[in-house]
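Please look at the sequence and the 3D structure below.

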Amino acid sequence: DRRILRDGIVPEALVLESKCYRPEMIGFDPPGKQYVHVVGTDLIRDANGQFLVLEDNARTPSGVSYVLENRGVMKKVFPKLFQQCKVRRVEDYPQRLRAALLSVAPESAGDSPTIVLLTPGPYNSAYFEHSFLARNMGVELVTGPDLFVFDDKVFLKTTHGPKRVSVIYRRIDDDFLDPTVFRADSLLGVANLMKAYRAGNVTLANAVGTGVADDKAVYPFVEDMIRFYLSEEPILRNVPTYICARRDDLLYVIDHLSELVVKAVNGSGGYGMLMGPTSTAKERAEFRDKIQ
């Protein structure tokens with residue numbers, strides 16, 4: 001019902017003009033009304049040792065496989081350190097992820113819903129993680145051509161014939177999910193997938209449209225969202241953030257580029273950003289020309 005937009009807590013244009021905004025989701029609730037099944041929240045400490053939230057990744061968060069692999073190496077190299085410090089284990093992440101995905105399977109899936117991990121393929125930079133998680137969850141790793149939609153249901157092609165798929169842990173962006181709805185030139189997705197999704201016959205994790213939530217321009221409003229929806233104060237605070245759409249903030253950023261990290265809205269993966277403290281005068285001058 002867009003209450004948070006109508007009440008002016010979050011600027012309406014920020015959402016409705018975002019390239020990640022998906023009008024195809026209007027009037028549709030995902031199974032369990034859950035949009036973000038896997039979130040990657042980046043935490044840092046400030047000079048006083050206080051934890052702050054740097055950003056939230058709610059589209060297709062990546063990187064947990066490196067946490068798991070690094071932990072395995074660290075335990076072999078420093079076994080006594082882990083025994084003494086009682087570090088909380090992370091090895092059960094794939095099982096927890098599998099359980100989370102099973103918990104949002106459509107009711108029509110029956111007692112043994114099938115999960116697949118949808119990957120763009122081996123040329124993607126995160127393919128190691130895709131195969132790692134699929135293997136450790138015990139689910140099929142698939143690409144778009146491995147799936148098809150029939151009678152508003154999704155099926156996996158197998159040597160024993162079609163197999164109904166109930167949950168898709170997708171690691172491709174919205175734009176490429178369904179060539180009949182989004183990019184017509186996409187070879188990575190599944191035709192009519194959105195039709196099956198809106199019919200309630202398959203769960204997509206994360207849900208379509210979650211890119212609006214991890215837009216860098218939306219991030220400064222997260223504390224206000226918490227107050228609005230939960231009537232609570234945030235437990236963790238945001239990193240102090242300037243919004244260049246505001247004239248005063250823009251002027252401050254231009255004058256302090258050497259002290260700040262500047263990120264593009266709608267961006268991901270570190271593209272189009274400036275690391276001020278490690279940048280050169282030439283890089284700052286070029287960046288200043290872009291944002292003025």
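What follows is a report on parts of this structure, which is a predicted model.

## Helix 3

Helix 3 covers residues 64–77.

Which residues of helix 3 are buried? They are Val 64, Ser 65, Leu 68 and Arg 71. When the helix is seen down its axis, these buried residues fall within an arc of 130°, so they line one face of helix 3. Val 73 and Val 77 are on the other side of helix 3, where they are exposed. The buried residues pack against helix 4 (79–85), helix 5 (93–102) and helix 6 (127–137).

## Helix 3 against helix 6

The axes of helix 3 and helix 6 are 9 Å apart, and the two helices pack at an angle of about 70°. Helix 3 is therefore roughly perpendicular to helix 6, since angles of 65 to 115 degrees count as such.

Helix 3 brings Val 64, Ser 65, Tyr 66, Leu 68 and Glu 69 to this contact, where they meet Phe 128, Glu 129, Phe 132 and Leu 133 of helix 6. Sorted by kind, the residues of the contact are six nonpolar, one polar and two charged.

## Helix 5

Helix 5 has three buried residues to look at: Pro 94, Leu 97 and Leu 101. Down the axis of helix 5, they fall within an arc of 60°, so they line one face of the helix.

What covers the buried residues of helix 5? The cover includes two helices, helix 3 and helix 6. It also includes strand 3 (115–118), strand 8 (167–170) and strand 9 (203–205).

## Helix 5 against helix 6

Helix 5 and helix 6 pack with their axes 9 Å apart, at an angle of about 80°. That angle makes helix 5 roughly perpendicular to helix 6.

On the side of helix 5, the residues in this contact are Tyr 93, Pro 94, Gln 95, Leu 97, Arg 98 and Leu 101. On the side of helix 6, they are Leu 133, Asn 136 and Met 137. The residues of this contact divide into six nonpolar, two polar and one charged. Pro 94, Leu 97 and Leu 101, which take part in the contact, are the buried residues of helix 5. Leu 133 of helix 6 meets helix 5 here, and Leu 133 is also listed in the contact with helix 3.

## Two buried residues in loops

Ser 166 lies in the loop between strand 7 (163–165) and strand 8. Is Ser 166 buried or exposed? The cut-off for buried is under 20% relative accessible area; Ser 166 has 1% relative accessibility and therefore counts as buried. Apart from neighbours within four places in sequence, Ser 166 is in contact with Pro 106, Ala 109, Pro 113, Thr 114, Asn 201, Val 202 and Thr 203. One of these, Pro 113, is 53 residues from Ser 166 in sequence, yet their C-alpha atoms are 5.6 Å apart in space.

Pro 234 is found in the loop between helix 8 (222–230) and strand 10 (237–238). With a relative accessible area of 8%, Pro 234 is buried. Not counting residues up to four places away in sequence, Pro 234 touches Glu 223, Ile 226 and Arg 227. From Pro 234 to Ile 172 there are 62 residues in sequence and 31 Å in space, C-alpha to C-alpha.

## Backbone details in loops

Lys 86, in the loop between helix 4 and helix 5, has a phi near 55°, which is a positive value in a residue other than glycine. At 74% relative accessibility, Lys 86 counts as exposed.

Ser 231 is not a glycine either, but has a positive phi of about 55°. Ser 231 belongs to the loop between helix 8 and strand 10 and is exposed, with a relative accessible area of 65%.

Where is the cis peptide bond? The bond runs from Ala 205 to Asn 206, with omega near -5°. Asn 206 is placed in the loop between strand 9 and helix 8.

Terms used. Residues numbered from 1 in each chain as written. Predicted model: local features only at pLDDT ≥ 70, side-chain atom pairs only at ≥ 80, totals over all residues. Heavy atoms only, no water. Helix = DSSP H or I, 4+ residues; strand = E, 2+ residues; numbered from the N terminus. Expected span 1.5 Å × (residues − 1). Buried < 20%, exposed > 50% of the residue type's maximum accessible area, 1.4 Å probe, protein only. Arc of directions from axis to C-beta. Contact = heavy atoms within 4.5 Å. Axes fitted to C-alpha atoms, helices over the stretch in contact; angles between N-to-C directions. Parallel < 35°, antiparallel > 145°, perpendicular 65-115°, else oblique. Nonpolar A, V, L, I, M, F, W, Y, C, P; charged D, E, K, R; others polar.
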